[in-house]
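Thanks for making time this morning. I will go through one structure, element by element, and stop at a few residues along the way.

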Amino acid sequence: MGKTLAYKILEDHLLEGEMIPGKEITIKMDQTLTQDSTGTMVYLQLEAMEIDKVKTEISVAYIDHNTLQTGFENADDHAFIESVAKRHGVLFSKPGNGICHQLHLENYGKPGKTLLGSDSHTPTGGGLGMIAIGAGGLDVAVAMAKGTYSLNVPRVVGVKLTGKLRPWVSAKDVILKVLKELSVKGGVGKIIEYHGEGVRSLSVTDRATITNMGAELGATTSVFPSDENTREYLRCQGREKDFIPLAADEDAVYDEHLEIDLDELEPLAAMPHSPDNVDSIKNIGEIKVDQVAIGSCTNSSYTDLMKVASILKGKKVHPEVSLVISPGSSKIMTKMAENGALADIIGAGARVIENACGPCIGMGQSPKSGAVSLRTFNRNFKGRSGTNDAMVYLVSPETAAISAIKGVLTDGRTTGDTLETPDMPDFVPNDNFVVYPEGCNTDNTKVEMGPNIKPFPRNKKLEGDLKATVCIHAGDNITTDDIMPSDSRLLPYRSNVPHLSNYCFEKIDKDFAERCKKAGSCAITGGDNYGQGSSREHAALAPLHLGVKFVLAKSFARIHRSNLINSGILPLVFVDPADYDTIEVGDELILENAPEQVMALEVTVRNLTKNREYKLRGNFSDLERAMLLAGGKINHIKEGQ
């Protein structure tokens, strides 16, 4: 029986356990990355583990999220991250260098390596043939401290690509098609592995777009083979020495199958307010557009932006459209300045902003009230843009650029314009934005701690009965944006959980935080796919600070479930989903003999208000049980020291 590429890489890094789907394994982690939105907590946790140097081959701290310096808070966070990075041997990428996933692809990603990142879009590295996984910050801190990561062995979905993309159809349309077929929860517990003759027609940046948005499937990660296209990409980056060929066996056996004929694809869009709400541009029609935003870790590559520049060259952005573009890295911006593409973009009437995440996370460029905004980003959750009533559509760079000119959502094939994919040039290495921790250590490097940076909340050892008041009864597909909003107003407080917790669930229920404070001990109930979206552990840390003891849901998104366990909060799944409908805000729930029940396959929660009993499953591994009993991952680590 042939092996999938994903299992080959995992087996090569296996330290403990067996490669049986659903079973827990521990693997060696070669690399880690963090970004500043989640990074302050990561490095607070790393400091709490009292290590000397990180145990990975390379770890990088990127500053790309909180780059608006409207107060001291963001700058203080950056100074803190840089100081801790120096102490422990972590590279520090300064603001302005670019977006972490684009930069890591350019400079550090290697085929066959493992990467763990405190950002859900870390699977971008799968475009290079890596096993690159997004995780909560504490998991990444542990990976730096110990060089390991534990996970349940995923099943592997084989996506066979045939044919070749036609002009005006791009890699973004490939992943939108996969999302349409599988949904935002279709990848939970799975790795998406691409294979077939169609793979050869996709560049590494095409592949990275596809693996990047695999996060929206809820997948553990996505991966492409490493082939001659990979070699050429690395050569252009001055890193051909890092190339190795990798592929699944010809007779590899996949757990599930999906086939996509690239010849048959057409320009697609994800409509408000979910990445899997996908239809063709043709079917959606020529809706009026108010704003177009091009960039993000999904679509800010050199080839993406050169196609945009060629569409805009000699044209004019529609008078009623605001077009904003953010390149993915300083190297891309430099090359476009040298070859004149930047002048073509600006000349057409586009705004060019810093090489950073920016509008994708609501950090500036929010559209006007009720606007239609076309974005080449990865998420269009309600309010994520910073404007709660905006209608955000996710599209390819080609569709975005031509629509900015026409003023309406446009299928580029109808224009008669030709569109060619540019060749990747040779880039000149530039590490002027990178701070190397040479000569630094815990003895000679002081931690810089600003006044806005507060210690992360710690849970207590699990003891006795857990009694809690239901403080919110949430629905299906609750996102981490819903739980802990992320925008320019709140991002500066990512290092201040006590302050941030006041805004927990504010988009859904503005009284949630006060209700929790009054109750003291709280519970949350949710529907399917609870906690989808970002890897931000603040969606667990803020509820922990507010006194949340357990979350009852129909199902959980992978990263958020792990973050809850890391915080010592019990994620429990209804055996009978119909029980969810019998619970209301204000109900008093009790989990009796909590330590004993956590050790069982099923637990019983009693609703004291309704005089009902619910059967729930934790499906906890031995390690997860140990962490929950200890009151979270940090406590468990401390117990073992």
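Strand β6, residues 114-117, pairs with β7 in the parallel sense, over 4 bridges. Within that pairing, Gly117 sits opposite Gly134 of β7. Keep in mind that this is a predicted model.

Now the sheet these two belong to. It is an open sheet of 6 strands, ordered β7-β6-β3-β4-β5-β20, and its pairing is mixed. The edges are β7, at 131-134, and β20, at 434-435; each has a single partner strand, so one side of each has no neighbour in the sheet.

Strand β2, residues 24-28, is joined to β8 by 5 bridges, and the two run antiparallel. In that pair, Glu24 is opposite Asn152 of β8.

Next is β9, residues 155-162. How many of its 8 residues are buried? The count is 6, so the strand is largely enclosed by the rest of the structure. One of the bridge pairs puts Val156 with Ile191 in β10.

On to helices. The axes of α10, residues 302-312, and α13, residues 397-406, come within 9 Å and cross at roughly 25 degrees. With angles under 35 degrees counted as roughly parallel, α10 and α13 are therefore roughly parallel to each other. On the α10 side, the contact is made by Asp304, Lys307, Val308, Ile311 and Leu312. On the α13 side, Pro397, Glu398, Ala401, Ile402 and Ile405 make the contact. As for handedness, the crossing of α10 and α13 is right-handed.

Then the cysteines. How many disulfides does the structure hold? The number is 0. Take Cys357: the closest cysteine sulfur is in Cys100, 6.0 Å from that of Cys357, which is too far for a bond, because a disulfide needs the two sulfur atoms within 2.5 Å. Cys360 is in no disulfide either, and the nearest cysteine sulfur, that of Cys297, is 6.0 Å away. Are these two residues, Cys357 and Cys360, buried or exposed? Cys357 is buried, at a relative accessible area of 8%. Cys360 is buried too, with a relative accessible area of 8%.

The last stop is Gly328. Where is Gly328 placed? The residue lies in the loop between β16, residues 322-325, and α11, residues 330-339. Despite the loop position, Gly328 has a relative accessible area of 0%, so it counts as buried. Leaving aside residues up to four places away in sequence, Gly328 touches Gly98, Ile99, Gln102 and Ser300.

Conventions: Residues are numbered from 1 along each chain as its sequence is written. This is a predicted model: local features need pLDDT of at least 70, side-chain atom pairs count only at pLDDT 80 or more; totals for chains, interfaces and linings use all residues. Side-chain values use heavy atoms; hydrogens and water are left out. Two strands pair if DSSP finds at least two bridges between them. Buried means under 20% relative accessible area, exposed over 50%, partly exposed in between (1.4 Å probe, protein chains only). Axes are lines fitted to C-alpha atoms, for helices over the stretch in contact, and angles run from 0 to 180 degrees between N-to-C directions. Angles under 35 degrees count as roughly parallel, over 145 as roughly antiparallel, 65 to 115 as roughly perpendicular and the rest as oblique. A crossing is left-handed if the near helix is turned anticlockwise from the far one by less than a right angle, and right-handed if clockwise. Contact means heavy atoms within 4.5 Å.
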